[in-house]
Amino acid sequence: HHWLLASLIGLAAALALSLISTQLEKRELIRTIQSQKAAAHEHLDQLNARYSNAQLVQEIGQATSTIIEIDALISAVIGTVSKRLDFDRGVIMLANTEKTRLEYIDGFGYSKGHEKLLRNNSFHLDRPKARGFFVRAFLDQKPFLMQDVQSDQDKLSRRSLAMALEMGVKSLICVPIVYEKESFGILAVDTVKSKRLLTQSDINLLMGVASQTAISIANARSFGKLQVSEEKYRSILESIDDGYFEVDLTGNLMFLNESTCRMLGYRRHELLGMNYSQFMDTLTSEKVFRTFSAVYRTGEATRALDWKMLRKDKSECFVQALVSLIRNPAGEPIGFRGLARD
């Protein structure tokens, strides 16, 4: 009986230890699975965030490479930030021509009342001691992060604090839009409903967006200036009585003014792409070739006195011409320009 009882007790103890061991292993396995599940979800979230960020960069790159009108460019950037990033609201403001104040250009997430408030308020840039977060980010050319507006009231001016509280701002990031040490404006985002903390990663991403936007604004402004300059250049050329022309190195007409058309009796579209040899005889064509060759070799302008031109109606006219070399930005010859007088 004693041996039987001892055996039963030993068996029960072994079974109990086995059960406890199994439960412990099961709990450890569950913890491991839960940990791996959490890690997998975190990794998946990171992949989704990276994919979204990559899409953001791609879409902004596409927009900024094709849009040359600044307001449309800003709207495209704001639309992409709204779609790809999880901020409640965002705004882009640019400095006016005199750089005395920031002006609302476009934003997302704002009610009509809050948008009107941003449009109608002046953010003065001509006050160096101003403490507003938009103005400070613009003037100092540094990003501005405020995790809790209520806790950081001492960092704001009374006016900025009142506006932030009126608009319900909880936390805020403001980054400058800067190109070659020149501030163009600011990009700001904030949270109203979201409880997540804004981080340095958010700042880094927004700084990249702001930098790309700044480059595109600079390109758009340069293109605008180029258009104005080119239009002025064309207006001057169209107003002169002498014929003006530009040809490539093979002698094909690339540009000409209206006086050249009248001189030769052709319409502009008929002359563009035509070779100079098509409206002169063989002897004159050889003279023109020698003139172009001399200009090409020496790089100096050359005057020609006796070119005989054949008009469209086969009548003749004689011109004096001044020919010079056209070079590209690298200094390489790409054609010739000339003035011709009947």
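Two strands pair if DSSP finds at least two bridges between them. I took helices (H or I, at least four residues) and strands (E, at least two) as DSSP runs, numbered from the N terminus. The model is predicted: local features need pLDDT of at least 70, side-chain atom pairs count only at pLDDT 80 or more, and totals for chains, interfaces and linings use all residues. Residues are numbered from 1 along each chain as its sequence is written, and side-chain values use heavy atoms, with hydrogens and water left out.

**Entry 1. The sheet**

I looked up the strand order and found an open sheet of 6 strands, E3-E2-E1-E6-E5-E4, with antiparallel pairing. E3 and E4 are the edge strands, each pairing on one side only. I then examined E2 and E3, which run antiparallel and are joined by 2 bridges. Leucine 102 has phenylalanine 123 in E3 as its bridge partner. I also noted helix H2 (residues 70-84), which lies across E1 and E2 and runs at about 50 degrees to E2. For this angle, axes are lines fitted to C-alpha atoms, for helices over the stretch in contact (heavy atoms within 4.5 Å); angles run from 0 to 180 degrees between N-to-C directions.

**Entry 2. The cores**

I next searched for nonpolar cores, each a set of buried Ala, Val, Leu, Ile, Met, Phe, Trp, Tyr and Cys residues joined through side-chain atoms within 4.5 Å. Here buried means under 20% relative accessible area, exposed over 50%, and partly exposed in between (1.4 Å probe, protein chains only). The largest core has 29 residues, and Val91, Met93, Leu102, Leu118, Phe123, Phe134 and Ile186 have the most contacts inside it. Elements giving two or more residues to this core include E1 (89-95), E2 (101-108), E5 (171-179) and E6 (182-191). H4 provides the largest share, 5 residues. I listed the contacts of isoleucine 186 beyond four places in sequence; among them are Val91, Met93, Leu102, Phe134 and Cys174. A second, separate core of 27 residues includes Val81, Val189, Ala210 and Ala220.

**Entry 3. Helix H5**

Which residues of H5 (residues 158-166) are buried? I found Ser160, Leu161, Met163 and Ala164. They lie on the same side of H5 because they cover an arc of only 165 degrees around the axis, taken from the directions from the helix axis to the C-beta atoms. The face turned away from the buried side carries the exposed residues Arg158 and Glu166. The cover over the buried residues includes H3 (112-120), E3 (123-124) and H4 (133-140). Just after H5, I noted that glycine 168 takes a positive phi of about 75 degrees.

**Entry 4. Salt bridges**

I recorded 14 salt bridges in the structure, each a side-chain nitrogen of Lys or Arg within 4 Å of a carboxyl oxygen of Asp or Glu. One of them joins aspartate 190 and arginine 89 (2.8 Å, N to O). This pair links E6 to E1, 101 residues apart. Aspartate 190 and arginine 89 are both buried.

Glutamate 258 and arginine 268 form another (3.3 Å, N to O), between H7 (residues 258-264) and H8 (residues 268-271). Glutamate 258 is partly exposed at 34% relative accessible area, and arginine 268 is partly exposed at 29%. Glu238, Glu258 and Arg268 are linked in a network of salt bridges.

Lysine 312 forms a salt bridge with glutamate 270, with the closest N and O atoms 2.8 Å apart. Lysine 312 is in the loop between E9 (302-310) and E10 (316-327), and glutamate 270 is in H8, 42 residues apart.
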